[in-house]
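User: I would like to learn how to read a protein–DNA surface and some aromatic pairs in a model. Could we go through them feature by feature?

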Protein chains: 2
Amino acid sequence: MDYGANSVWKELGRPKSLRQQVADQIINALALGHLKPGQRIVELELAQNLGISRAPIREALIQLEQEGLVHVVPYKGTYVMDLNYTGVWELYTLRAVLEEFAIRRVMESNIRDTITSLWDIYDKMIEVCNTGNKLQMAELDSKFHEIIVRGADHEQLYRAWYPLKYKYMFYTITIDKNYSSSLEIVVKMHEKLIETMENGEVEKAVEEIKSHIIETGKLLLSQVADHGI
Amino acid sequence: MDYGANSVWKELGRPKSLRQQVADQIINALALGHLKPGQRIVELELAQNLGISRAPIREALIQLEQEGLVHVVPYKGTYVMDLNYTGVWELYTLRAVLEEFAIRRVMESNIRDTITSLWDIYDKMIEVCNTGNKLQMAELDSKFHEIIVRGADHEQLYRAWYPLKYKYMFYTITIDKNYSSSLEIVVKMHEKLIETMENGEVEKAVEEIKSHIIETGKLLLSQVADHGI
DNA sequence: TCTTTGATGACTGTCGACAATAGTTATTTA
DNA sequence: TAAATAACTATTGTCGACAGTCATCAAAGA
């Protein structure tokens, strides 16, 4: 794989630790599908590609391990996370639980700003929908849900949800070969959800976001059944 | 604070990385209340206390940061997590959500083994209840709930729940001055919950575990109101 | 042929030293 | 005196080197 030699150094004005820059790079490589599930990451190799020493690399990998994005085996090596069918499905069932909680809290309090932000994302989705760029759509979808979770104003919830974001984005990119075929449906689901929220229909909103998440998960996993994970 | 000089070296037969040993030590110190919220952790000091270099210390701290147990500020330092009233309350509301999901899954499938394990913990609780050892009771309580979450057989759920365990144990030890006064009540709640599970009453079990968690949280936070956090 | 043993190479784990940064105190300057 | 600036100190961030561990493969023995 190619991270681009020394690319971490661009725009190095403020003292952002190399560790964080490396972690961001790896997350990016993951989200863009430049790293494959189960693939080994060799510290020295990565360090040389980035033109830095191994210490910040190791620290970045440990950070990512806690987020579940890589798996560090003592004295053996670091591997890109590798979820099986069940593991991917878990991402969606857990998201359904967390986001149900999130949307209840949002609708109890913080609804105005949240809805404004959601419409913003929605507008961008409409644009991207035409281009058919599935990577951009995955990012927007992820942002959409992140807004809801952040809107819940519950730090522990956000911390629990956050790692799921990268994982499901990763698998969306990695697995889904025909995402474009369902872009319109997904956009419609989001539109409907915002409207329900605007109408203040809590229980309906809960059902919609849950079924939206579960449907998305099933859609993704149907690709697996067709093409293998 | 005193971690005991070179104490990480005892029983060093198998190649368990120093990083993990250090992380375990710190977690232990947290759970035992040897570290106070907001307290600074100086790498070199800790390294010298343990008789090792800073590298594994740093890596352990980064690992713990991702679990939310410490807060690493770039170029400034590492601080023991410091939750305010709201933050502690969040631990319990999120736990209620996660453990509701967990218990539903347990009761759908894995109930036999889980209940056996729960009764085991319950028996130990009875014993400890008489001694009034609040640290042991907090550990047993934590184990009790961990069994339920693990019984759900849902790795992503467990990963989301796991960091909460240390946090609420930490604050239980740190905050609660009169835990012993309510030991019996807590034990009774657990007994009732197991019986409900045995009877297969899903919705009742859900309500019980939710109210059990929420009540425990309220109880803890009432101490805060009295004595400050 | 199959297992065991022992070298070899590649990689991870740990270390001590140095560089970079933030906070503090001392010094200059108006 | 008070503000700005310049050392100084404590601590974190990064580096290169070395030690420890694992996997591989060849040689030896059954």
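User: How many nonpolar, polar and charged residues does the surface near DNA strand D have?

Analyst: This is a predicted model, in which local features need pLDDT of at least 70 and side-chain atom pairs count only at pLDDT 80 or more, while totals for chains, interfaces and linings use all residues. Residues are numbered from 1 along each chain as its sequence is written, chains are lettered from A and ligands numbered from 1 in the order in which they are written, and side-chain values use heavy atoms, with hydrogens and water left out. Ala, Val, Leu, Ile, Met, Phe, Trp, Tyr, Cys and Pro count as nonpolar, Asp, Glu, Lys and Arg as charged, and the others, Gly among them, as polar. On that basis, the surface near DNA strand D has 10 nonpolar, 3 polar and 8 charged residues.

User: Where do polar atoms of the protein lie relative to phosphate oxygens of DNA strand D?

Analyst: A polar contact is a pair of N or O atoms within 3.5 Å; within protein, one must be able to donate a hydrogen and the other to accept it, and residues adjacent in sequence count only if both atoms are side-chain atoms. Here a polar side-chain atom of B:R58 lies 2.3 Å from a phosphate oxygen of DNA strand D, whereas A:L18 uses a polar backbone atom, 2.5 Å from a phosphate oxygen.

User: How many aromatic pairs does the structure hold?

Analyst: Rings of Phe, Tyr and Trp (its six-membered ring) pair if their centres lie within 6.5 Å, and planes under 30 degrees apart count as stacked, over 60 as edge-to-face and the rest as tilted. The structure holds 12 such pairs over all chains. The rings of A:W119 and A:Y122 have their centres 5.4 Å apart and their planes at 80°, so this pair is edge-to-face.

User: Is each of A:W119 and A:Y122 buried or partly exposed?

Analyst: Buried means under 20% relative accessible area, exposed over 50%, and partly exposed in between (1.4 Å probe, protein chains only). A:W119 counts as partly exposed because its relative accessibility is 23%, whereas A:Y122, at 9%, counts as buried.
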